[in-house]
Amino acid sequence: MTEDHYPKGRARLVSPVSCDGFVGIRRITPRGKPVRTHVRAGDIWLTGTTNGKYEFSEPTLMRACELSAVGEFSYVERERPSIKPDEVLVRIDRVGICGSDIHYYQNGENSGNVVDFPHVLGHESAGTVVEVGGDVRKVTETDRVAIEPGLPCEDCSYCADEDTYHLCEDMEYMSSPPTDGALVEYVAWPARYVYPLPESVSLREGALVEPLSVAMHACERAGVSAGDSVLVTGGGPIGQLVAEVAMARGAGQIVLTDVVEEKVRLAEERGVDFGVDVTTDDPIDVIHENIDENGVDIAIESSGAEIAIETTTDAVKRGGDIVFVGVPIDASLPTDVVGIIGDEYDFRGSFRFSNTYPDAIEGIRTGRFDVDGIVSFERGFGETQAAFDQAAEPESVKGVVRVSDEL
Ligand SMILES: [Zn+2]
Ligand SMILES: [Zn+2]
């Protein structure tokens with residue numbers, strides 16, 4: 001399409017929002033009379049006027065995959081975000097599907113956060129920097145980066161301590177309403193929260209730095225150290241990665257439980273000592289017979305399942321540590337207070353993470369952490385809905401969307 005397709009004249013953008021596939025342009029005739037004309041969105045873009053002629057530039061629209069209602073995605077054109085001086089524009093390549101995304105998709109809410117439709121999901125993302133703001137020194141154009149999805153306020157007491165910014169009450173976290181997520185072509189993000197990936201780390205691995213970070217933080221909260229025996233309840237992405245990080249920290253024997261046999265087998269293939277399908281075997285028996293008759297040193301609850309939460313106190317020895325990272329729909333802590341007192345259990349919560357990205361990326365580079373091995377499938381951007389449906393199936397561990405694919 002060339003300039004000649006359009007009438008000559010001064011033009012200025014009326015609205016960047018497309019309507020019926022067209023973008024409204026107000027054209028000012030040489031005599032100063034405004035005339036409406038239309039230009040097809042996506043083909044070409046009019047940016048201003050020079051000497052009575054249109055100026056053409058690259059399209060500034062992008063594709064976004066919106067959750068438009070419960071159980072329904074739609075593709076729309078949105079304005080490509082522009083960057084502030086401290087930001088970079090990232091062309092998104094891969095987005096991992098998180099359990100929280102599936103809750104939003106299926107129920108329109110997750111842990112009390114309710115979606116205001118339309119809403120963009122996805123917070124496990126990586127892509128390529130295509131534009132950098134004037135103040136940015138950390139990355140340059142063409143760098144491949146993982147995006148840390150939380151933006152703390154940087155102003156409260158939690159943010160003042162660099163280890164607790166993840167507890168900021170004003171955190172904007174991608175895909176947690178009302179903050180949009182990464183299932184879009186381009187994201188503008190502060191350079192401070194993007195991390196360059198070394199050549200040997202793929203963009204898919206970059207996207208999975210986020211769940212790996214959740215697992216790293218849970219193991220840190222549990223204080224997993226050399227020789228500790230660990231029970232991991234739940235063989236989803238977080239449970240699999242908690243086991244991975246615990247192994248990397250030198251844990252002794254590790255038991256992983258789930259109700260889905262495929263997840264138990266995967267954990268065993270990935271190096272867990274005992275995978276227990278709780279539909280057929282009792283993890284307490286396995287622990288007592290094979291590890292220690294008093295129980296394990298640490299339990300990290302990664303399923304959110306009520307039955308697994310209850311199991312933790314039976315599984316852990318006196319004086320042991322119990323960390324909760326799997327988010328239940330609605331469940332209380334083990335309530336045998338006398339038992340908790342007598343056995344001196346330490347209960348801890350583990351929420352997201354802080355300062356994990358550099359170590360996570362380095363750990364993937366050196367092979368200390370395998371994140372690729374938890375991926376069950378990948379699908380293209382145009383199949384996002386099918387990807388969510390597949391990710392929700394019990395035997396899926398981690399689904400990934402290739403946002404970089406053509407629609
Ligand atoms: Zn997540
Ligand atoms: Zn804050």
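How many Å should the 12 residues of α5 span at 1.5 Å a residue, and how far apart are its end C-alpha atoms?

## Basis of the model

This is a predicted model, in which local features need pLDDT of at least 70 and side-chain atom pairs count only at pLDDT 80 or more, while totals for chains, interfaces and linings use all residues. Residues are numbered from 1 along each chain as its sequence is written, and chains are lettered from A and ligands numbered from 1 in the order in which they are written.

## Helix α5

The 12 residues of α5 should span 16 Å, and its end C-alpha atoms are 16 Å apart, which agrees; the expected span is 1.5 Å times one less than the number of residues in the helix. Helices (H or I, at least four residues) and strands (E, at least two) are DSSP runs, numbered from the N terminus.

Of the 12 residues of α5, 11 are buried, a residue being buried if 20 or more other C-beta atoms lie within 10 Å of its own, exposed if 12 or fewer, and partly exposed in between, with C-beta atoms placed from the backbone. Among the buried residues are Pro237, Leu241, Val242 and Met247, and the buried residues of α5 pack against α4, β17, β18, α6 (261-269), β20 and β24 (398-402). Just after α5, glycine 250 takes a positive phi of about 85°.

## The open sheet

Six strands form an open sheet in the order β19-β18-β17-β20-β21-β22, with parallel pairing; two strands pair if DSSP finds at least two bridges between them. Because β19 (274-277) and β22 (346-349) stand at the edges, each with a single partner strand, one side of each is left without a neighbour in the sheet.

Strand β21 (residues 316-324) is joined to β22 by 4 bridges, and valine 323 stands opposite arginine 348 in β22. Helix α5 (residues 237-248) packs on the sheet, touching β17 (230-233), β18 (254-258) and β20 (296-301), and its direction makes about 180° with that of β18. Axes here are lines fitted to C-alpha atoms, for helices over the stretch in contact, and angles run from 0 to 180 degrees between N-to-C directions; residues are in contact if their C-beta atoms, placed from the backbone, lie within 7 Å.

## Glycine 367

Glycine 367 lies in the loop between α10 (357-366) and β23 (375-380), and this residue is exposed, with 9 other C-beta atoms within 10 Å. Glycine 367 and valine 201 are 166 residues apart in sequence and 9.9 Å apart in space, C-alpha to C-alpha.

How values were computed. Contact = placed C-beta atoms within 7 Å.
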